[in-house]
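Good morning, and thank you for joining this group meeting. I would ask you to look at the sequence and the structure while I speak.

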Amino acid sequence: AELRRTILRSNYESLEEYLCAFGYTVPALQTAPALERVAYEFGHDSFSANVRYVELRFAPQLHCSPDDPAFDVISVLAAVSAGLTRARDEFNKTKTPDEAARSRPWRR
């Protein structure tokens, strides 16, 4: 419940209050599988919404793992690229947005 109140709000009193939400999300996005999945889901959701061109902006340095020094900025970018590439390759073939929306395995 606290997580919902912190992150899913219609407005915030300050920038500091808004940025507190990242304390929950960033630690969950510090592995290659997590970043690849989120990037794939972003591509999937974009396609499902009839979006055909996106520019993804994020701060890769925030996703480097403090527990794994080898998971550096290059590793973060590679994981995100892999997820976006997988979405591009999958959805640029034959699926329509309606078919894509029905195939969301993580939303069932």
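This is a predicted model: local features need pLDDT of at least 70, side-chain atom pairs count only at pLDDT 80 or more; totals for chains, interfaces and linings use all residues.

Where does Glu 41 lie? Its place is in helix H4, which covers residues 32–48. Is Glu 41 buried or exposed? The relative accessible area of Glu 41 is 14%, and because the limit for a buried residue is under 20%, Glu 41 counts as buried.

Let us now step back to the whole protein. The protein has 6 helices and 0 strands, so that, read from the N terminus, the order of elements is α-α-α-α-α-α. Of the 108 residues in the protein, 28% are buried. If we take the contacts with a separation of 6 or more, 62% of them are between residues 24 or more positions apart.

I return to H4 and to its partner. Two packed helices are described by the angle between their axes and by the distance between those axes. For H4 and helix H5, residues 73–91, the angle is about 35° and the axes are 7 Å apart. The crossing of these two helices, H4 and H5, is right-handed.

Which residues of H4 and H5 meet? On the side of H4 they include Leu 35, Tyr 40, Phe 42 and Phe 47. On the side of H5 they include Val 76, Val 80, Leu 84 and Phe 91. The residues in this contact of H4 with H5 comprise 13 nonpolar, 3 polar and 3 charged ones.

My last topic is the aromatic rings. The model contains 4 aromatic pairs. In one of them, Tyr 12 and Tyr 18, the ring centres are 5.3 Å apart. Why is this pair called edge-to-face? The planes of the two rings stand at 80°, and an angle over 60 degrees is counted as edge-to-face, so the pair of Tyr 12 and Tyr 18 receives that name.

Both tyrosines also belong to a cluster, in which Tyr 12, Tyr 18 and Phe 22 come together. Tyr 12 is partly exposed, at 22% relative accessibility. Tyr 18 is likewise partly exposed, with a relative accessible area of 38%.

How values were computed. Residues are numbered from 1 along each chain as its sequence is written. Side-chain values use heavy atoms; hydrogens and water are left out. Helices (H or I, at least four residues) and strands (E, at least two) are DSSP runs, numbered from the N terminus. Buried means under 20% relative accessible area, exposed over 50%, partly exposed in between (1.4 Å probe, protein chains only). Axes are lines fitted to C-alpha atoms, for helices over the stretch in contact, and angles run from 0 to 180 degrees between N-to-C directions. A crossing is left-handed if the near helix is turned anticlockwise from the far one by less than a right angle, and right-handed if clockwise. Contact means heavy atoms within 4.5 Å. Ala, Val, Leu, Ile, Met, Phe, Trp, Tyr, Cys and Pro count as nonpolar, Asp, Glu, Lys and Arg as charged, and the others, Gly among them, as polar. Rings of Phe, Tyr and Trp (its six-membered ring) pair if their centres lie within 6.5 Å; planes under 30 degrees apart count as stacked, over 60 as edge-to-face and the rest as tilted.
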